[in-house]
Amino acid sequence: MLLDGGIRRGSDVAKALALGARAVLIGRAYLWGLAANGQAGVENVLDILRGGLDSAMYGMARARLDELCRDDLWIPADFRRRLGAAVPGRALPARDSSAVVG
């Protein structure tokens, strides 16, 4: 499984891997770094993500990525989320009718 989207911090990477992802995609963060400072910006983004991942691993007392598992996460027993279901309390963004083409 690959996780594409929602990765903003190194701890997000750790959570995804603990839940079974084989890899995570970081397109938006990569592009922010590229736009801000070219290759050096991308390298900075990767350094920040790696530092966050290292901190999360340290906090979970794990030395290697393959040691991460679902038991490392605290998930409330009553937590349920259906794929594609609306999040309670979060309104959908308004549609801009002027942006509709043809």
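Here are the stops, each with what to select and what is there.

The model is predicted, so local features need pLDDT of at least 70 and side-chain atom pairs count only at pLDDT 80 or more, while totals for chains, interfaces and linings use all residues. Residues are numbered from 1 along each chain as its sequence is written, and side-chain values use heavy atoms, with hydrogens and water left out.

**Stop 1: helix 1**

Select residues 10–18, which form helix 1. Helices here are DSSP runs of H or I with at least four residues, strands are runs of E with at least two, and both are numbered from the N terminus. Seven of the nine residues in helix 1 are buried, where buried means under 20% relative accessible area, exposed over 50%, and partly exposed in between (1.4 Å probe, protein chains only). Colour G10, D12, V13, A14, A16, L17 and A18 to see the buried ones. They pack against strand 1 (2–4), strand 2 (23–25) and helix 2, with contact meaning heavy atoms within 4.5 Å. Just past the helix, G20 has a positive phi of about 115 degrees.

**Stop 2: the core**

Now select I7, V13, A14, L17, A18, L53, A56, M57, M60, L68 and L73, the largest nonpolar core. Such a core is a set of buried Ala, Val, Leu, Ile, Met, Phe, Trp, Tyr and Cys residues joined through side-chain atoms within 4.5 Å. Helix 1 gives the largest share, four residues. Zoom in on A18: leaving aside residues up to four places away in sequence, A18 touches L68, C69, R70 and L73.

**Stop 3: salt bridges**

How many salt bridges does a search of the whole structure find? There are six, each a side-chain nitrogen of Lys or Arg within 4 Å of a carboxyl oxygen of Asp or Glu. Select R50 and D54, whose side chains meet at 2.9 Å, N to O. Both lie in helix 2, four residues apart, about one turn of the helix. Next pick R62 and D72, with closest N and O atoms 2.7 Å apart. That pair ties together parts ten residues apart in sequence. D72 counts as buried at 18% relative accessibility, whereas R62 is partly exposed at 29%.

**Stop 4**

Finish with I75, in the segment after helix 2 and partly exposed at 34% relative accessibility. I75 touches L19 and R70, not counting residues up to four places away in sequence.
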